[in-house]
Amino acid sequence: LAKILQIRDMAKCIGCYSCMLACARVVRHSFTPAKAALQIRTAGGFQGRFLGEICLGCPDAPCAQVCNSGALELRPGGGLRFSAAKCTGCRACIGACIVQVLHFDQESRQPLACIQCGTCARFCPHGILAMEERKYANTSD
Amino acid sequence: MQTHQIKVLDIDLEREKIAIHYRDDLGEFLGGTGVAAKLFAEAAPAATPPLHPDQVIVLANGPLSTIFPVVTKVVAVFRSPLTGGYGESHAGMRLALAMRGAGYQAIVIRGQARRPTYLAIGPNGVEFRNASALWGLGDSVGSILRRLVPGTGHRSTLKIGPAGEKGVSFASVSVDTYRHFGRLGLGAVFGAKNLKAVVVYGDRNEPIGDFKAYKAMYEQIYNQVLKTSVMKKYHDLGTPANVLNLHASGGLPIRNLQENVLAGVEGISGEAFAEESLMRQVACSGCPIGCIHIGLHRSRFGAEYEFESRFLSYDYELIFAVGSFLGITRQSQIYELIDRVEDLGLDVMSAGVCLGWVTEALARGVITEAETGTAVQFGETAGYLQVLDNMVLQPNDFYQVLARGVEKAAQKYGGLDFAMTLGGHEMAGYHTGPGHLLGQTVGMRHSHLDNGGYGIDQKSPNLSPEALVDKLVAEEKWRGVLTSLCICLFAREVYQPETVLSALAAVGIQFSREELDSLGEKIFRLRQELRLAMGFDPAQVRFAQRFFQTPSASGPIDPAAVQAMLAAYRRHLTR
């Protein structure tokens, strides 16, 4: 099975945003954490909880299924491959994401797709993000 | 030198208009302290009193903000209603990130809004919104604003409580609940401008110029912050690790500094807080350390089994100000006082030092219960809660004066010998020796962090007056550079000059070591000129007798030695 990005325990998150900065930096060459494929947010301010919005690496990848240009393709074992050159900016994938974590980037006119590179996990100071095999895999995958 | 352009958002509250200025000339000041001081100077602050509509508030971040580890602060500069002098305060949490996302390196707020107002500052403009229904509210304002302004989960909210609205000279501005522009009364300046809150949000893209250089430098600093022991203590016990250390050395101020030994101090140590009530640590955006300790304050409010839980931020300074300084040794009591201080929107350090003076003044008959309206005594919170409320409500002459701070209250009622201020500013929690005494007194904003005098006491005791002053001044100049870059001072060991230069170079800003040092000098002079024009006179500073009566961590402080240091400082200024 392929390793995919997973949140081990969100309750341990300190909200430093190092993961978002890492994704934006390394994958998007941007200083702006809004460009990251994952988003950590507060819910109800800092007195509330941190929420982690990450690509769940669906085994059936509905976003890739609706992509008719071949830009998004299902990676064996879950997660995506993204080919920017093939992307037309049609946004069909955005609407297809069943957990609504796939966002559209207005500058590049392309989805901010998680490519399962694990960069964010490398910069998580508390090991909350990790690249791991899906623990309870659906055996029919 | 190769500098960057500073984009300044200029907000006129009275006319409800904004202007955007692109300032190449400000680049040499980098950001933060330097840029804010320069923009503040342009508004001729000495000409009008602190709460006059013409006074300005300047907020500034820096070119490294958020995009390098632990570069998390935003600097606010204003004229302090507490001291009448130069006001500068720093706060973290998410403000630097949000300002960057909105697209501004500095924000100037001028004028007085015609009605209670809050500002929504985003990437597509500034909105002046009606805050009439929010006026008078405390902590609950945050939950209301969350429904009204975009940027869910990533925005930053600055707000004042009733203390700022009522012009208490040491009212604070809270930033995202858990950090504050605490010291010197920015909250009262907000209040005088009819400004209840400012929400900043945005996601403007900033492409990286030199990806390879930036990535390498980011990783080098990240690894130094996280994989060495330099900053570990700030996450673990956090600043409260100081409680037992300082107590053991005799540097923890107790009961209005009447004493330096506190029976039961173990109950309010960093260790005890961590073991008994620490709920979690959180971080400012871009800081992988996470030094903000959130404690759980659980209390029973009903006759039966009815409980409520509050999540309150604690730090060393709070444990000092509303703990040891008031003879309090129970965590739940400290939380009770923190909770009230937060809801009212007071600076906790000044509030605690005020309470200490009130307690002793009442016991000595300097004031009576006719003034305070309640009994107060060390170790008990009931009276303190009432006094805190009255500082804001100001029901009589006494409280109207107390709301101006300890210095003013003692000038009118007596008890200056035990009014624990330095440079007119309520003391920080370090009775470490002459370094702190002089450092906070002569520091640009009378903060213990201006020059770290307490650290000099601890690491370099027994310096000659000249050597101590040289060290304080050199430290203040370098810290002026660090805070112009908005680097959290907890990371000052990481951001050595060479690291600072490389980080700047990685984002296209070229400074030499000499240029960085001369910037420190320039900012020192600029702030000095500003505060001298606003009335600071190093010849007129006062030291309460108490500082010399209660032995410090360096033993009894010799008043003659402190006067010699002050004279050395004055000579330094005329060099």
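How does B:Arg110 count at 30% relative accessibility, as buried, partly exposed or exposed? B:Arg110 counts as partly exposed at that value of 30%, where buried means under 20% relative accessible area, exposed means over 50% and partly exposed lies in between (1.4 Å probe, protein chains only).

The model shown is predicted, so local features need pLDDT of at least 70 and side-chain atom pairs count only at pLDDT 80 or more, whereas totals for chains, interfaces and linings use all residues. Residues are numbered from 1 along each chain as its sequence is written, chains are lettered from A and ligands numbered from 1 in the order in which they are written, and side-chain values use heavy atoms, with hydrogens and water left out.

**View 1. A salt bridge joins B:Arg110 and B:Asp10.** The two side chains meet at 2.8 Å, N to O, a salt bridge being a side-chain nitrogen of Lys or Arg within 4 Å of a carboxyl oxygen of Asp or Glu. B:Arg110 lies in strand E6 (residues 106-110) of chain B and B:Asp10 in strand E1 (residues 6-12) of chain B, so the pair ties together parts that are 100 residues apart in sequence. Helices (H or I, at least four residues) and strands (E, at least two) are DSSP runs, numbered from the N terminus. B:Asp10, at 12% relative accessibility, counts as buried.

**View 2. A:Lys35 forms a salt bridge with A:Asp105.** Their closest N and O atoms are 2.3 Å apart. Because A:Lys35 lies in the loop between helix H1 (18-28) and strand E2 (39-43) of chain A, and A:Asp105 in strand E6 (residues 104-105) of chain A, the pair ties together parts 70 residues apart in sequence.

**View 3. B:Glu165 and B:Lys196 form a salt bridge.** The closest N and O atoms of this pair are 2.5 Å apart. B:Glu165 in helix H4 (residues 162-165) and B:Lys196 in strand E12 (residues 195-200), both of chain B, are 31 residues apart, and the pair links distant parts of the chain. B:Glu165 and B:Lys196 are both buried.

**View 4. B:His446 has a positive phi, near 50 degrees.** Most residues other than glycine have a negative phi. B:His446 is found in the loop between helix H17 (434-442) and helix H18 (453-459) of chain B, and is buried, with a relative accessible area of 5%.
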